[in-house]
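Subject: Structure handover

Hello,

Here is the structure I promised to pass on. Please load it first, then read the notes below.

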Amino acid sequence: SLADSIHSDASCLAEVQRLQIFPLAKHGSDTSHHAVALGTSLGLYTALCKDVPADWQLQFVRCLHSSLELTTHGRKLLQLLKLECLDESTLEHLALQQVLLSSQAFSKGDEPPGCQALWAALAVLRRCFLSGRSVARPWEELKAAVLLPSASGKMLTPSRLSLWSFLGVELKLPKAVLDVMCALIGVRCSNDSVALEHIAPPLLEPDGWDWHLGWEVFLCGGLGCQAIDPAGRDVEACVEVTMQLGAILSSGAFWHRAVGSKPTLAYLRKLLGLGGDGVGGDIDQRQGRVRRRWLRQLPVRWAEEYIVLEEMFIHDVFHGLGGSHLAYMRGVPSDANVLELLGHVGVSVRIDQLTLLKLLRWLRKCHVEDVGLAADIYARLDQLAFDGPGDEEFILVPGRGYLHAQDCTWKPFRSALLSRCCRLEPLSALYDRFGSSTQEALQNWVRSCPDNDAGELCDALLQAIACAKADPGNPRRC
């Protein structure tokens with residue numbers, strides 16, 4: 001056998017390696033015997049990496065056909081030829097070589113390998129980058145060494161290309177449709193003559209729901225492509241992204257996937273203008289502020305209506321306080337980086353003075369008259385050294401809604417008649433049953449009693465006189 005020949009004479013090894021006797025696996029090939037191609041053992045592997053889709057690997061990796069049944073002599077031959085299973089580290093090295101080979105061929109004007117092989121190799125490098133691993137060359141060096149296909153068919157450096165999606169929202173609408181939609185809502189599309197070209201979408205089957213986001217993180221963070229800017233340069237993308245992005249960012253599943261990848265979190269920080277290490281170029285702080293304001297106003301479906309993203313609360317933090325009254329974001333990981341990002345787009349992530357005020361305004365907007373919840377909020381605000389409600393409709397009086405502090409008093413007039421005719425709402429009868437913190441808070445914000453207020457006294461007397469003049473047959477007429 002060949003194994004015995006090599007074992008007895010090592011000089012035969014090189015000759016055997018060049019023999020085209022090894023059945024090769026091919027992407028999309030027929031599994032029948034007559035369709036199997038034969039090749040040498042040079043650069044050959046006995047099996048593909050089990051953690052990476054086989055279709056990607058077969059675009060640029062030579063591997064034994066899976067239908068091959070090995071005898072004892074066959075296995076011995078593979079050992080002598082030092083053929084092994086492909087591990088992920090070696091696969092990533094081969095992918096890097098494939099990408100650099102394609103780019104060099106385009107630069108020299110030679111016939112490059114097919115785009116399918118290029119995208120397959122890039123998909124492997126994408127997986128490597130998202131996992132936080134490095135390759136043989138620093139990612140920063142690859143930005144200048146790689147050429148990528150544009151939608152127009154050109155091969156361009158990454159810095160001249162923009163993406164086909166934003167935070168996972170794929171842009172699908174034709175330009176003519178986008179122009180009409182922008183015109184209807186009064187948005188002027190960009191006609192910049194130096195606009196970036198769009199990169200061509202990958203010629204591969206998606207491997208998960210975060211397929212597009214993963215490419216964004218890799219191509220922008222690892223290779224230096226430009227992210228879409230729906231709130232600025234790419235205003236025509238704003239319509240399509242706005243319709244879908246709210247549902248994505250309000251999903252706990254999105255943030256669970258993001259927290260598992262440091263490059264993804266760094267990319268999100270860059271998009272929000274918050275800085276970050278190792279991903280993309282510097283993003284102007286002003287653009288970051290504009291983008292954050294736009295993200296806060298994204299529509300999100302809640303119950304039977306739409307709200308905006310900044311009206312949402314983290315369920316695990318606020319459910320014990322707000323009960324069933326609030327619009328919750330559920331399933332969000334309690335990771336400090338995730339909570340920071342959500343806080344920058346307006347989601348309430350911790351109980352503090354600002355979020356308590358937001359909660360109270362939400363209750364007022366939704367006409368929720370839960371006096372126990374209101375009392376809890378007032379007590380917490382007082383503990384946080386709240387200055388007072390000012391001129392805001394802030395104090396809940398069931399049946400009348402939320403009133404200004406100047407329209408309330410803690411104790412009523414001592415006179416039952418004047419109390420009946422007074423315009424002020426006494427709060428002690430409503431809030432006496434709650435703790436001292438609530439009572440002290442309300443007493444700090446409203447007057448203690450109208451007895452010593454000449455204006456309120458005169459107003460109550462005038463109201464009493466007007467009531468005395470009323471026609472008993474028609475009490476509403478004075």
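A residue counts as exposed when its relative accessible area is over 50%, as buried when that area is under 20%, and as partly exposed in between. Glu140 has 58% relative accessibility, so Glu140 is exposed. Please keep in mind that this is a predicted model.

**Salt bridges**

Glu140 has a partner. Its side chain meets that of Lys143 in a salt bridge, at 3.2 Å from N to O. Lys143 has a relative accessibility of 19% and therefore counts as buried. Both residues sit in helix α7. They are three residues apart, which means a separation of about one helical turn.

How many salt bridges are there in total? The count comes to 19. Two further ones deserve a note.

Take Arg133 and Glu92. Their closest N and O atoms are 2.4 Å apart. This pair links distant parts of the chain, 41 residues apart. Arg133 is in the loop between α6 and α7 (139-145), whereas Glu92 is in helix α5 (residues 88-108). Is Glu92 buried or exposed? Glu92 is buried, because its relative accessible area is 6%. Arg133 is partly exposed, at 31% relative accessibility. The pair also belongs to a network of salt bridges, in which Glu88, Glu92, Arg127 and Arg133 are linked.

Now Arg296 and Glu310. Here the closest N and O atoms of the salt bridge are 3.5 Å apart. Arg296 lies in helix α13 (residues 285-296). Glu310 lies in the loop between β12 (305-308) and β13 (313-314). The pair therefore ties together parts that are 14 residues apart in sequence. Both ends are partly exposed: Arg296 has 28% relative accessibility, and Glu310 has a relative accessible area of 26%.

**The chain as a whole**

The protein chain holds 21 helices and 18 strands. It has 478 residues, and 45% of them are buried. The accessible surface is about 24500 Å². Carbon and sulfur atoms account for 52% of that surface. On contacts, consider those between residues at least 6 apart in sequence. Of these, 65% join residues at least 24 apart.

**Nonpolar cores**

The largest nonpolar core has 117 residues. Which residues have the most contacts inside this core? They are Trp215, Leu219, Leu245, Leu342, Tyr378 and Tyr431. Helix α6 (residues 115-130) contributes the most to this core, with 11 residues.

Leu219 is worth a look on its own. Leaving aside residues up to four places away in sequence, Leu219 touches Leu148, Leu163, Trp164, Ile199, Gly224 and Cys225.

**Aromatic rings**

A pair of aromatic rings is described by the distance of the centres and the angle of the planes. The count comes to 18 aromatic pairs. One of them joins Phe386 and Phe394. The ring centres of Phe386 and Phe394 are 5.5 Å apart. Their planes are at 25°, so the pair is stacked; the cut-off for stacking is under 30 degrees. Phe386 and Phe394 are both buried.

Ring pairs also build a cluster. Its members are Trp56, Trp119, Phe129, Trp139, Trp211, Trp215 and Phe218. Trp215 was named above, among the residues with the most contacts inside the largest core.

**Tyr267**

Where does Tyr267 lie? It is in helix α12 (residues 262-271). Tyr267 has a relative accessible area of 3%, so it counts as buried. Between Tyr267 and Cys220 there are 8.1 Å in space, C-alpha to C-alpha. In sequence, Tyr267 and Cys220 are 47 residues apart.

**A nonpolar surface patch**

Last, the surface. Leu173, Val177 and Met243 form a nonpolar patch there. Together, Leu173, Val177 and Met243 have about 240 Å² of accessible area. Leu173 is in the loop between β9 (169-170) and α8 (175-184). Its relative accessibility is 31%, so Leu173 counts as partly exposed.

Best regards

Technical notes. Residues are numbered from 1 along each chain as its sequence is written. This is a predicted model: local features need pLDDT of at least 70, side-chain atom pairs count only at pLDDT 80 or more; totals for chains, interfaces and linings use all residues. Side-chain values use heavy atoms; hydrogens and water are left out. Helices (H or I, at least four residues) and strands (E, at least two) are DSSP runs, numbered from the N terminus. Buried means under 20% relative accessible area, exposed over 50%, partly exposed in between (1.4 Å probe, protein chains only). Patches are made of residues with over 30% relative accessible area and no salt bridge: like charges are joined within 9 Å, nonpolar side chains (Val, Leu, Ile, Met, Phe, Trp, Tyr) within 5 Å. Accessible areas come from the Shrake-Rupley method with a 1.4 Å probe; for residues, only the protein chains shown count as cover. A salt bridge is a side-chain nitrogen of Lys or Arg within 4 Å of a carboxyl oxygen of Asp or Glu. A nonpolar core is a set of buried Ala, Val, Leu, Ile, Met, Phe, Trp, Tyr and Cys residues joined through side-chain atoms within 4.5 Å. Contact means heavy atoms within 4.5 Å. Rings of Phe, Tyr and Trp (its six-membered ring) pair if their centres lie within 6.5 Å; planes under 30 degrees apart count as stacked, over 60 as edge-to-face and the rest as tilted.
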